[in-house]
Amino acid sequence: MHLEQHDRRFELVNEGRERWQFVSGGVPAYSPLEGIVGACGACGGYVFQDILLHSKVKAEVREIEVTYETKPSPAVHALTALTLHFYVQAETPVDYEKAERYVKFVHRYCPVIQSLREDIIITDQVHEYPMTPDNEADNT
């Protein structure tokens, strides 16, 4: 895996895969920070789904919304808080309650989240799927 620079963009290149573009201001693509946040959401989703499967909870993670906060600094906008909103479709109310209990293990077992600084506040929340205006997370 390596990165190549093209017109103010760095592209993550891995043979046989789609290129992923990162930018720093003004060009439509993902920022490196958005890449980290998105990786936390994807990895957290895989981990949560595995936890539910191995715990025999009849529920599926259908969507994930990630909200985050950064340090208000003119020089560096470092990540300070991250919330993973898991939208879960459960077979029964009991399964949904189990999913709510097991979500606390996501950041313990997610290698991407484990790679973040310890002072970043990480929160996991479970919401019923489908998303409705009443259970939708606020976008950050």
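1. Let's start with one residue. Thr83 counts as buried because its relative accessibility is 16%, where buried means under 20% relative accessible area, exposed means over 50%, and partly exposed is in between (1.4 Å probe, protein chains only). Thr83 sits in strand S5. Apart from neighbours within four places in sequence, Thr83 is in contact with Glu65, Val66, Thr67, Thr123 and Gln125; contact here means heavy atoms within 4.5 Å.

2. A quick word on what you're looking at. This is a predicted model, in which local features need pLDDT of at least 70 and side-chain atom pairs count only at pLDDT 80 or more, while totals for chains, interfaces and linings use all residues. Residues are numbered from 1 along each chain as its sequence is written, and side-chain values use heavy atoms, with hydrogens and water left out.

3. Now the overall layout. The protein has four helices and six strands; helices (H or I, at least four residues) and strands (E, at least two) are DSSP runs, numbered from the N terminus. Along the sequence the pattern reads β-β-β-α-β-β-α-α-α-β. The C-alpha atoms fill a box of roughly 50 × 40 × 30 Å along the principal axes.

4. Which strands make up the mixed sheet? S4, S5 and S6 do, in the order S4-S5-S6, and the sheet is open. Two strands are said to pair if DSSP finds at least two bridges between them. Strand S4 (59-70) and strand S6 (121-128) are at the edges with a single partner strand each, so one side of each has no neighbour in the sheet. From one strand to the next, the twist averages 20°. As background, strands of a sheet pair through backbone hydrogen bonds, either parallel or antiparallel.

5. Look at one pairing in that sheet. S4 and strand S5 (residues 79-90) run antiparallel and are joined over eleven bridges. Thr70 is opposite Leu79 in S5.

6. Two helices go with this sheet. Helix H1 (residues 32-54) packs on the sheet and touches S4, S5 and S6, and its direction makes about 150° with that of S4. Helix H2 (residues 93-102) lies across S5 and S6, at about 175° to S6. For these angles, axes are lines fitted to C-alpha atoms, for helices over the stretch in contact, and angles run from 0 to 180 degrees between N-to-C directions.

7. Next, the other sheet. S1, S2 and S3 form an open sheet of three strands in the order S1-S2-S3, with antiparallel pairing. Strand S1 (2-6) and strand S3 (20-23) are its edge strands, each pairing on one side only. Ignoring direction, neighbouring strands here are turned by 30° against each other on average.

8. How many bridges join S1 and S2? Five, in the antiparallel sense. His6 is opposite Arg9 in S2, and Arg9 also has Val23 as its bridge partner in S3. The hairpin of S1 and S2 has two residues between the strands, and Asp7 there takes a positive phi near 45°.

9. Strand S2 (residues 9-13) and S3 run antiparallel and are joined by four bridges, with Leu12 opposite Trp20 in S3. Six residues lie between these strands, and Gly16 in the turn has a positive phi of about 85°.

10. Lys58 is in the loop between H1 and S4. Lys58 and Val94 are 36 residues apart in sequence, yet their C-alpha atoms are 9.2 Å apart in space. Neighbours within four places aside, the contacts of Lys58 are Gln89, Ala90, Glu91 and Asp95.

11. Is His107 buried or partly exposed? His107 counts as partly exposed because its relative accessibility is 30%. His107 lies in helix H3 (residues 106-109). Not counting residues up to four places away in sequence, His107 touches Ile113, Gln114, Ile122 and Asp124.

12. Finally, some totals. Buried residues make up 34% of the 140 residues. Among contacts with a separation of 6 or more, 53% come from residues 24 or more positions apart. The protein exposes about 9300 Å², with carbon and sulfur atoms supplying 51% of that; accessible areas come from the Shrake-Rupley method with a 1.4 Å probe, and for residues only the protein chains shown count as cover.
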